[in-house]
Amino acid sequence: MQPEVLTSNPTGFAPVVLLQQLGARALLLLARAGRMGIFLGRMVGFALTPPVKVARVVRRVHFIGFGSILVVMLTGAFTGMVLSLQGFYALSRFGSDAFLGPLVALSLVRELGPVIAALMVAGRAGSAITAEIGIMRNGQQLDALELMGLNPFRYVVVPNFLAAMISMPLLACLFDVVGIWGGYTVGVKLLGVSGGTYMGEIATYLEMKDIMGGIYKAISFGGIISWVCCYKGYYTDFGAEGVSRATTQAVVMSSVLILVWDYFMTSAMF
Amino acid sequence: MIQIENITKSFDDVPVLRGISLTVEKGEFVALIGRSGYGKSVLLRHVAGLLKPDSGRVLVDGQDLTSLRGRELEALRSRFGFVFQGGALFDSLSVFDNVAFPLREKTRKSEEEIATQVRAALVRVGLETSEDKLPAQISGGMVKRTALARALVMEPEFLFFDEPETGLDPLTAQGVLDLIHECHRNLKFTGIIISHQLPRVFDVVDRVAVLHNGQIRYFGPPDGLERSADEAVRQLVTGRA
């Protein structure tokens with residue numbers, strides 16, 4: 001139950017009313033945070049206990065992962081290209097343009113690949129997940145599932161959760177590869193860096209722990225996107241406006257959470 | 001048998017149900033009527049276990065629905081069918097797949113057996129020529145009939161209808177009610193129907209419950225409604241204030 005925000009003034013003393021309203025708002029936020037936490041717990045719990053709807057997971061991997069390939073490749077290519085341009089400008093000042101390859105590769109693999117790919121997936125697939133579940137909620141389709149003796153979490157939420165966790169690391173790797181290729185195109189073909197140096201230095205400086213760090217990040221971002229977007233759809237307000245608001249909130253919240261979580265993961269891992 | 005025992009429910013401190021008690025015998029069909037916004041759907045959602053009461057309980061064949069969780073609740077609900085006001089069809093699935101959905105998910109039947117059963121259900125509701133259409137491509141009456149077919153295909157012991165004829169023209173609404181009546185005669189399910197089709201729904205049901213101001217004001221055979229001493233009941237039946 002959500003606490004009511006006080007609008008009356010029982011004491012007539014303005015600071016007390018302000019405190020009451022602040023307290024009520026804080027309680028409301030706490031209640032919502034608690035509900036989100038419980039949602040996460042149920043999502044993970046059902047994902048870890050059989051039966052898992054494998055066919056639905058595969059379909060969601062197709063939607064979240066395969067469907068995001070084009071946008072991830074496009075953004076990856078241009079991110080790598082602009083990194084190469086900016087990196088060459090900075091490195092050539094110190095006569096270190098031979099390190100352009102490692103700069104592009106490390107930036108992409110450790111940071112930009114997982115983060116930008118996740119932001120793209122949140123915008124493309126996350127918003128669609130929220131809208132789809134929100135419409136199912138409004139159209140009583142989730143209630144219909146429950147009344148068939150089927151668990152809506154297993155049918156709707158868990159497949160998205162697992163699919164996002166499977167798809168995100170693959171998309172981040174794709175982003176990295178295409179980005180490194182984009183950086184190569186600009187650095188080697190346009191700016192004149194030696195191709196052997198570009199690739200050779202990447203092999204020297206890029207370590208397995210960098211790659212694994214990026215993959216762990218991408219997996220956790222998949223979890224965040226599916227958690228936030230499923231939650232917002234599951235508890236959407238009524239009507240088209242409610243679904244529209246939930247969709248916007250889902251994309252904004254998951255994007256912010258991705259960036260915040262990225263900082264903490266980077267601090268912990270590197 | 002469904003026993004509703006002293007159910008109370010409030011939303012934002014506004015009481016909607018104020019101590020409702022009702023017993024629906026096995027095989028009995030009960031109409032729940034009342035003015036719009038007086039809590040009929042809320043009561044039906046309690047009976048189906050979609051809402052938890054503030055106090056009181058709902059017993060289904062002696063099992064307390066309000067205290068069941070997880071697999072036990074899912075098992076009990078497998079005996080339910082529910083026809084929602086808007087149909088609640090899965091809009092990305094065809095009429096056939098909507099009706100087949102519970103069979104595919106809840107049984108181990110082969111696709112051939114499922115197809116036979118689904119087609120029989122579609123014939124029963126007169127939709128055999130529309131099985132490939134999506135819910136958005138069929139009329140409101142067909143959506144309701146598809147929802148009925150989906151509810152019937154599992155042959156539930158308990159079937160609930162939330163205004164199945166709302167939004168339909170009088171002839172189609174009568175057709176849906178006749179279909180429900182026929183299904184009840186054949187399948188003998190225990191049912192509750194919320195309806196505003198007065199007095200037509202009285203031909204379909206065994207007893208009528210009138211919900212007014214969060215309380216049951218009448219519970220008995222349809223022919224006793226007009227003789228009720230309660231003015232609110234008479235007003236509802238005659239349609240005159």
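This is a predicted model: local features need pLDDT of at least 70, side-chain atom pairs count only at pLDDT 80 or more; totals for chains, interfaces and linings use all residues.
Colleague: Why are Asp143(A) and Arg45(B) called a salt bridge?

Modeller: The rule asks for a side-chain nitrogen of Lys or Arg within 4 Å of a carboxyl oxygen of Asp or Glu. The side chains of Arg45(B) and Asp143(A) come to 2.7 Å, N to O. So the pair meets the rule. Three salt bridges are found across the interface of chain B and chain A.

Colleague: How many residue pairs are in polar contact between chain B and chain A?

Modeller: Seven, with both residues at pLDDT 80 or more.

Colleague: Which elements of chain B supply at least two residues each to the side that touches chain A?

Modeller: They are helix 2 (70–77), strand 6 (80–83) and helix 3 (95–106). Helix 3 of chain B gives the most, four residues.

Colleague: What makes up that side of chain B, by class?

Modeller: It has 10 nonpolar, three polar and nine charged residues. Asp, Glu, Lys and Arg count as charged, so the nine come from those types.

Colleague: How do you know how much area chain B and chain A bury?

Modeller: Buried area is what two parts lose on being put together, summed over both. Here that is about 1,700 Å², with 55% on carbon and sulfur atoms. The contact takes 22 residues from chain B and 20 from chain A.

Colleague: What is the predictor's confidence in chain B?

Modeller: Chain B averages a pLDDT of 87, and 99% of its residues score at least 70. Among its elements, helix 7 (residues 231–238) has the lowest mean, 79. Strand 8 (residues 190–194) has the highest, 92.

Note on methods:
Residues are numbered from 1 along each chain as its sequence is written. Chains are lettered from A and ligands numbered from 1 in the order in which they are written. Side-chain values use heavy atoms; hydrogens and water are left out. Contact means heavy atoms within 4.5 Å. Buried area is the accessible area (1.4 Å probe) that two parts lose on being put together, summed over both. A polar contact is a pair of N or O atoms within 3.5 Å; within protein, one must be able to donate a hydrogen and the other to accept it, and residues adjacent in sequence count only if both atoms are side-chain atoms. pLDDT is the predictor's confidence in each residue, from 0 to 100.
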